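My entries follow in the order in which I looked things up.

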Amino acid sequence: MKVYTSSGVYEIKEHRVKILPSYFEAQVNNSKNFEIRKNDRNYQVGDLLLLEEYNPTTSNYTGQDERFIA
């Protein structure tokens, strides 16, 4: 997605990352209102962070996700 600003065009990147169920639930119900991640994807202010709930016991995504603007 492109955002047009007075200083030019900015490309918003979407970062899809795994999150464990207990952390996902805390994020969704706002008892945890931040996420600390290693910047191994060149995160930028304004990028979209898509947290996808992942169950390591079954090695599957649950289908739940939550979107945040970095």
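This is a predicted model: local features need pLDDT of at least 70, side-chain atom pairs count only at pLDDT 80 or more; totals for chains, interfaces and linings use all residues.

Entry 1, the network. I looked up the linked charges and found that Glu14, Arg16, Glu52 and Arg67 are joined in a network of salt bridges. I counted a salt bridge where a side-chain nitrogen of Lys or Arg lies within 4 Å of a carboxyl oxygen of Asp or Glu. The structure holds four salt bridges.

Residues are numbered from 1 along each chain as its sequence is written, and side-chain values use heavy atoms, with hydrogens and water left out.

Which residue does glutamate 14 meet in a salt bridge? I found arginine 67, at 3.5 Å from N to O. Glutamate 14 belongs to strand S3 and arginine 67 to strand S5 (residues 60-69), so this pair ties together parts 53 residues apart in sequence.

I found a salt bridge between arginine 16 and glutamate 52, with the closest N and O atoms 3.0 Å apart. Arginine 16 lies in strand S3 and glutamate 52 in strand S4, so the pair ties together parts that are 36 residues apart in sequence. Is glutamate 52 buried or exposed? Glutamate 52 is buried, with a relative accessible area of 15%, whereas arginine 16 is partly exposed at 43%.

The side chains of arginine 41 and aspartate 40 meet in a salt bridge at 3.9 Å, N to O. I recorded arginine 41 as partly exposed at 38% relative accessibility and aspartate 40 as exposed at 54%.

Entry 6, the core. The largest nonpolar core has six residues: Val17, Ile19, Phe24, Tyr43, Leu49 and Leu51. I took such a core as buried Ala, Val, Leu, Ile, Met, Phe, Trp, Tyr and Cys residues joined through side-chain atoms within 4.5 Å. Strand S3 (14-19) and strand S4 (48-55) are the elements that give two or more residues to this core.

How values were computed
Buried means under 20% relative accessible area, exposed over 50%, partly exposed in between (1.4 Å probe, protein chains only). Helices (H or I, at least four residues) and strands (E, at least two) are DSSP runs, numbered from the N terminus.
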